[in-house]
Amino acid sequence: YATRHRKLRKREFRRLWITRIGVAAKEMGLSYSQLMGRLVKAKVGINRKILSELSIHDPETFSKIVASVRDLT
């Protein structure tokens, strides 16, 4: 079972990060998909793990990142 659970753990962490980012993005007025789409369009190279950590431990920086991509369509 160890092999299977190593793969499942990765999946579970990604789902957790997406949930955290989604909640923080909603507070800023964007959905998760809108935020991620705009980050890709702006070529911001921050992964989901770091975005999740920023949303929890440094919400000021997270809000600056969201504000910088909010105007993109």
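How many positive and negative side chains does the protein have, and how far apart do the centres of the two sets lie? There are 17 positive and 6 negative side chains, with 13 Å between the centres of the two sets. Lys and Arg are counted as positive and Asp and Glu as negative, while His and the chain ends are not counted. Each charge is placed at NZ of Lys, CZ of Arg, CG of Asp or CD of Glu.

## Basis of the model

This is a predicted model, in which local features need pLDDT of at least 70 and side-chain atom pairs count only at pLDDT 80 or more, whereas totals for chains, interfaces and linings use all residues. Residues are numbered from 1 along each chain as its sequence is written, and side-chain values use heavy atoms, with hydrogens and water left out.

## Overall architecture

The protein contains four helices and zero strands, in the order α-α-α-α from the N terminus. Helices (H or I, at least four residues) and strands (E, at least two) are DSSP runs, numbered from the N terminus. The C-alpha trace spans about 45 × 25 × 20 Å along its principal axes.

Of contacts (heavy atoms within 4.5 Å) between residues at least 6 apart in sequence, 65% join residues at least 24 apart.

## Surface and burial

The accessible surface comes to about 5300 Å², and carbon and sulfur atoms account for 56% of this area. Areas come from the Shrake-Rupley method with a 1.4 Å probe; for residues, only the protein chains shown count as cover.

Of the 73 residues, 26% count as buried. Buried means under 20% relative accessible area, exposed over 50%, and partly exposed in between (1.4 Å probe, protein chains only).

## Loop between helix 1 and helix 2

Ser31 is located in the loop between helix 1 (2–27) and helix 2. Ser31 counts as buried because its relative accessibility is 18%. Apart from neighbours within four places in sequence, Ser31 contacts Ala25 and Lys26.

## Loop between helix 2 and helix 3

Lys43 sits in the loop between helix 2 and helix 3. With a relative accessible area of 75%, Lys43 is exposed. The phi of Lys43 is near 60°, a positive value in a residue other than glycine. Most residues other than glycine have a negative phi.

Gly45 also belongs to the loop between helix 2 (32–41) and helix 3 (48–57). Gly45 counts as exposed because its relative accessibility is 81%. Between Gly45 and Met28 there are 17 residues of separation in sequence and 20 Å in space, C-alpha to C-alpha.
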